[in-house]
Amino acid sequence: MKLLIDDAHIDLIKNIYRYYPIDGVTTNPTILAKGGRAPFEVLKEIREFIGEEAELHVQAVAGTTEGMIEDAHKIQSELGKNTFVKIPSIPTGFKAMQILKGEEANITATAIYTPMQAYLAAKSGADYVAPYINRIDNMGFNGIQVAKEIQDIFRSNGYETQILAASFKNSQQVLELCQYGIGASTVAPDVIEAFVKNVAIDSAVAAFVKDFEELCGEGKTMANL
Ligand code: G3P
């Protein structure tokens with residue numbers, strides 16, 4: 001399962017990239033608004049940092065099919081080849097996906113709450129569909145189950161479309177999708193950091209260091225014996 005960062009804050013992105021194996025970055029208009037900076041300035045900074053091979057997912061904001069296509073062209077021309085244009089999975093969006101697929105654009109169908117949206121997006125040519133796991137849970141449904149149903153629909157029908165699961169509030173949600181072979185998850189920096197935030201892990205590692213230093217001396221490691 002690919003792992004992406006769902007944030008546009010460059011310092012937080014750099015901090016996660018420093019330690020974790022990351023495949024790219026996703027943003028949406030709300031994430032960009034939180035930063036308060038000019039969108040393309042931030043997005044170009046992110047692209048420069050992650051490199052041209054990493055995935056960068058950026059959302060079209062216009063509501064009409066024509067407007068989404070114009071947004072997509074601008075996003076692609078400013079941000080390079082491995083940029084995925086996020087298109088909302090609404091009627092005007094399905095049409096935009098079909099046209100953009102004819103241009104061989106990279107498309108992520110977003111704002112997915114139901115398997116029916118995912119099915120229509122896959123048929124419209126989306127490379128990824130992005131179900132909102134935690135937001136679905138908050139509506140009283142089961143976000144993990146929705147993602148699994150979408151995966152089953154894609155497998156049963158031979159669609160190559162992958163799932164890019166989004167909207168996570170805890171590591172267990174991510175792990176369950178990993179167990180099911182979901183293609184990708186995009187996760188906020190604080191939730192990624194919480195993957196291994198565990199006193200048992202910290203205490204086990206600290207005990208190894210203490211025991212070794214008792215044997216060999218303070219500050220000793222294998223390298224400086
Ligand atoms: O792009 C969709 C995803 O970022 C939503 O996440 O945490 O706002 O539900 P959240």
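Does Ser167, at 14% relative accessibility, count as buried or exposed? Ser167 counts as buried, because its relative accessibility is 14% and buried means under 20% relative accessible area, exposed over 50% and partly exposed in between, with a 1.4 Å probe and protein chains only. The structure is a predicted model, in which local features need pLDDT of at least 70 and side-chain atom pairs count only at pLDDT 80 or more, whereas totals for chains, interfaces and linings use all residues. Residues are numbered from 1 along each chain as its sequence is written, and side-chain values use heavy atoms, with hydrogens and water left out.

The protein chain comprises 11 helices and 8 strands; these are DSSP runs numbered from the N terminus, helices being H or I with at least four residues and strands E with at least two. Along the principal axes, its C-alpha atoms fill a box of roughly 70 × 40 × 30 Å. The chain has 225 residues, of which 44% count as buried.

Attention now turns to the ligand. The residues around it are Asp6, Asn28, Lys86, Tyr132, Arg135, Ala166, Ser167 and Lys169, where a residue is near a molecule if one of its heavy atoms lies within 4 Å of it. By class, this shell has 2 nonpolar, 2 polar and 4 charged residues. In this scheme Ala, Val, Leu, Ile, Met, Phe, Trp, Tyr, Cys and Pro count as nonpolar, Asp, Glu, Lys and Arg as charged, and the others, Gly among them, as polar.

A polar side-chain atom of Asp6 lies 2.5 Å from a ligand oxygen atom, and for Ser167 the corresponding distance is 2.7 Å. An N or O atom in the side chain of Lys169 is 3.1 Å from an oxygen atom of the ligand. Taken alone, the ligand exposes 310 Å², and the protein buries 81% of that; the areas come from the Shrake-Rupley method with a 1.4 Å probe.

Ser167 is placed in the loop between β7 (162-165) and α9 (171-179). A positive phi is likewise found at Ala111, where the value is near 55°. Ala111, however, lies in strand β5, which spans residues 107-112. With a relative accessibility of 23%, Ala111 counts as partly exposed.

Strand β5 also contains Ala109. This residue is buried, because its relative accessible area is 0%. Between the C-alpha atoms of Ala109 and Asp190 the separation is 25 Å, and the two residues are 81 residues apart along the chain.

Ile75 belongs to helix α4, residues 65-79, and is buried, with a relative accessible area of 4%. Its C-alpha atom is separated by 29 Å from that of Glu193, a residue 118 residues away along the chain. Asp23, in turn, is placed in the loop between α1 (10-19) and β2 (24-26). Asp23 counts as partly exposed, because its relative accessibility is 31%. From Asp23 to Phe154 the distance is 22 Å, C-alpha to C-alpha, across 131 residues in sequence.

Definitions and conventions. A polar contact is a pair of N or O atoms within 3.5 Å; within protein, one must be able to donate a hydrogen and the other to accept it, and residues adjacent in sequence count only if both atoms are side-chain atoms.
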